[in-house]
Amino acid sequence: MLGIMIAFHLCILFQLIPFNIVWGGKLETVEQMRSFEIMSILVNLFIIFFIAVKAGYIPVKINAKVLTFIIWIFAVVFFLNTIGNLVAETSTETYIFTPMTFLFALLCIRIAIEGKVKNT
């Protein structure tokens, strides 16, 4: 799902999708869009990295408690993003991304409460 989100943000970055449907409809310039989209892509890659570490797919030694804390932070960020999407000015964010970010929050909670970390 995060890969799909990265692909979506790449489509916005390359202006295949109009940027006025994201970021609450608040972006006014292409430069703003580029900054926000690049940051979003990097954050999604960051999340993928830590989830892959937690799952044992990337053999990096990170303290299990630190790793779990990071995943909890992701859950909180996705939950806050869900609230932001609920009050967004664009219907795309309200109707499509609200359930998606809520699901991401729930999945991060599920990953965070999983006690076993394969590589630590």
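1. Let me start with a residue worth a look in this predicted model: L103 is partly exposed, its relative accessible area being 35%. You will find L103 in helix α4.

2. L103 also belongs to a nonpolar surface patch of about 1100 Å². Helix α4 gives the patch its largest share, six residues.

3. Now to the aromatic rings. Searching the whole structure turns up seven aromatic pairs. One of them joins F8 and F97, with 5.1 Å between the ring centres and 50° between the planes, a tilted arrangement. Because F8 sits in helix α1 (residues 2-13) and F97 in helix α4 (residues 91-113), this pair ties together parts that are 89 residues apart in sequence. F8 is buried at a relative accessible area of 16%, and F97 is buried at 9%.

4. F49 and F50 make a pair too: their ring centres are 5.1 Å apart and the planes meet at 80°, so the geometry is edge-to-face. How does exposure compare with burial for these two, buried or partly exposed? F49 counts as partly exposed, at 29% relative accessibility, while F50 counts as buried, at 9%.

Methods. Residues numbered from 1 in each chain as written. Predicted model: local features only at pLDDT ≥ 70, side-chain atom pairs only at ≥ 80, totals over all residues. Heavy atoms only, no water. Phe/Tyr/Trp six-rings, centres within 6.5 Å; stacked < 30°, edge-to-face > 60°. Helix = DSSP H or I, 4+ residues; strand = E, 2+ residues; numbered from the N terminus. Buried < 20%, exposed > 50% of the residue type's maximum accessible area, 1.4 Å probe, protein only. Patch = residues over 30% accessible without salt bridge, like charges linked within 9 Å, V, L, I, M, F, W, Y side chains within 5 Å. Areas by Shrake-Rupley, 256 points an atom, 1.4 Å probe, with all protein chains shown as cover. Salt bridge = Lys/Arg side-chain N within 4 Å of Asp/Glu carboxyl O.
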